[in-house]
Amino acid sequence: KELPPQRVVKRYLPYDELPSLKGKKVAIIVGSHTKWTASQTKAVDSFCKLYNSAVFCDHTSGYNGEYRVQYSLIGCQEQFVNNLGTLDVLIHIGEVSGDYFTTIGKFIVSQVWRISEDGEVQDTFRKLRGLFEMREEDFFNHYVSLGSETDDRYYHNCADTYSLLYEKLNRQKLPFSNIWMASQMAHQIPQKSIVHFSILSSLRSWNFFKMPSSVESYCNVGGFGIDGCMSSMLGASLVNKEKLYFGVIGDLAFFYDMNAMGNRHIGNNVRILLVNNGVGMEFKLFCYPGSKLGKDTDPYIAAEGHYGKKSHTLVQHYAQDLGFEYISASNKEEFEQHIDKFLSTEPTSKSLLFEVFTTPEDENKALEMICNIEKNTLGVIKKISKSILNERFQSRIRKMLKS
């Protein structure tokens, strides 16, 4: 008798009358983005200042303006509920994001506005209401011309929350893991260098931590799997041999793309951090459904035992025979002995591969610790409710396996 209600998505072109943001709580989220110009950054900064907004980023966003928030550390918290993600309008720019802790289910929003010159419908958050087919800079400058109030309390609330979590994290003793290494090195990456992360564990581990604003960072988020991180980083390093190029890569992605190291044009400006835990760690994490299968996860999902079963000589000989200097570590003490060499800005005769051996247990524990830094009553209730639902899900899986 009547049609069901539907969510209408309206398209806006540059000369249309654009909807008002007056009185609305607004934030910007940036996926993987092309290199920002000074005028783009200025437009976003001016917008945030006038509309009490903030810019949620990860290490592929490229924005390093005044209102950047490394939201992953906030978004991953399992027992800490806050109202930072409750918004009237979330403005979505950039492309694919590999930052699940910021993008998936972390925002309670009335509507999402997507700004993109291509005009393609990308309903990442299932709340798309406005599609603005125009340049990002034109969009923000338009609203800046209408703004009058100056207020940045929201940004400072986000920044203060990040600082609170970061300080508490520093008092914890994370186990030897990709996350722990990121906590030790992110802030020490040399100025004006380039960092490439592999999907997904390395990007996630480093997204929790800030790097110097002059550092450029990238990830092949379009792949979402074995992503060619090594090839991309080594190819980029040929462009400017006066810059340092860092690659942070897991063992599965490394062995898939290891042939790129044989390129005879590679100079002495490459630093590779290979985190070798002997398994597809992503599939064993406590937050991944496959981990519920226990030991069956290893042979059937996580590819345990590939490429030498964490051999301490396989990569060493390969790297050295291809002209790389090789160093390794299996614990925090050994790692700390090499960190200065790995991050040094002094020219070296060869590029460097730093292989670090970790365990799945420590990787999993580190992520669980960082996701439970802070607690409040609503957050604890939320986690308990989720665990009950998970137990029902696991019960169904067990019944299916038996049948």
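This is a predicted model: local features need pLDDT of at least 70, side-chain atom pairs count only at pLDDT 80 or more; totals for chains, interfaces and linings use all residues.
Colleague: How many of the residues count as buried, and what part of the contacts joins residues at least 24 apart?

Modeller: Of the 403 residues, 50% count as buried. Among contacts between residues at least 6 apart in sequence, 74% join residues at least 24 apart. The accessible surface comes to about 20000 Å², and 51% of that belongs to carbon and sulfur atoms.

Colleague: Why is Gly-130 called buried?

Modeller: The cut-off for buried is under 20% relative accessible area. Gly-130 has 2% relative accessibility, so it counts as buried. Gly-130 is placed in strand β7. Leaving out residues up to four places away in sequence, Gly-130 touches Lys-10, Tyr-12, Val-112, Trp-113 and Arg-114. The C-alpha atoms of Gly-130 and Ala-236 are separated by 36 Å, and these two residues are 106 residues apart along the chain.

Colleague: Why does Lys-310 count as partly exposed?

Modeller: Buried means under 20% and exposed means over 50%, with partly exposed in between. Lys-310 has 24% relative accessibility, so it counts as partly exposed. Lys-310 is not a glycine either, yet it has a positive phi of about 65°. Its place is the loop between α10 (297-300) and α11 (314-321).

Colleague: How do you know that α1 and α4 meet, and which residues take part?

Modeller: Contact means heavy atoms within 4.5 Å. On the side of α1, the residues that meet α4 are Ser-39, Gln-40, Ala-43, Val-44, Ser-46, Phe-47, Leu-50 and Tyr-51. On the side of α4, they are Glu-136, Glu-137, Phe-140, Asn-141, Tyr-143, Val-144 and Leu-146. By class, this contact has 9 nonpolar, 4 polar and 2 charged residues.

Colleague: At what angle do α1 and α4 pack, and is their crossing left-handed or right-handed?

Modeller: Helix α1 (residues 38-51) and helix α4 (residues 136-146) pack at an angle of about 35°, and their axes are 9 Å apart. The crossing is left-handed.

Colleague: Which residues of helix α13 are buried, and what do they pack against?

Modeller: In helix α13 (residues 360-370), the buried residues are Pro-360, Glu-363, Asn-364, Ala-366, Leu-367, Met-369 and Ile-370. They pack against α2 (72-75), α3 (100-103), α5 (153-170), α6 (178-185), α7 and β11 (270-276).

Colleague: Why is Ala-366 called buried?

Modeller: The relative accessible area of Ala-366 is 0%, which is under 20%, so the residue is buried. Leaving aside neighbours within four places in sequence, Ala-366 is in contact with Leu-174, Pro-175, Ser-177 and Ile-179. Ala-366 and Pro-289 are 77 residues apart in sequence and 18 Å apart in space, C-alpha to C-alpha.

Colleague: How far apart are Ser-201 and Glu-363 in sequence and in space?

Modeller: Ser-201 and Glu-363 are 162 residues apart in sequence and 9.6 Å apart in space, C-alpha to C-alpha. Ser-201 is found in helix α7. Apart from residues up to four places away in sequence, Ser-201 touches Asn-178 and Glu-282.

Colleague: Which residues does the cis peptide bond join?

Modeller: The cis peptide bond joins Ile-199 and Leu-200, with omega about 5°. Leu-200 is placed in the loop between β8 (194-197) and α7 (201-207).

Colleague: What makes Ala-186 a buried residue?

Modeller: Ala-186 has 1% relative accessibility, under the 20% cut-off, so it counts as buried. Ala-186 lies in the loop between α6 and β8. Not counting residues up to four places away in sequence, Ala-186 touches Trp-206, Phe-209, Lys-210, Met-211 and Pro-212.

Technical notes. Residues are numbered from 1 along each chain as its sequence is written. Side-chain values use heavy atoms; hydrogens and water are left out. Axes are lines fitted to C-alpha atoms, for helices over the stretch in contact, and angles run from 0 to 180 degrees between N-to-C directions. Helices (H or I, at least four residues) and strands (E, at least two) are DSSP runs, numbered from the N terminus. A crossing is left-handed if the near helix is turned anticlockwise from the far one by less than a right angle, and right-handed if clockwise. Ala, Val, Leu, Ile, Met, Phe, Trp, Tyr, Cys and Pro count as nonpolar, Asp, Glu, Lys and Arg as charged, and the others, Gly among them, as polar. Buried means under 20% relative accessible area, exposed over 50%, partly exposed in between (1.4 Å probe, protein chains only). Accessible areas come from the Shrake-Rupley method with a 1.4 Å probe; for residues, only the protein chains shown count as cover.
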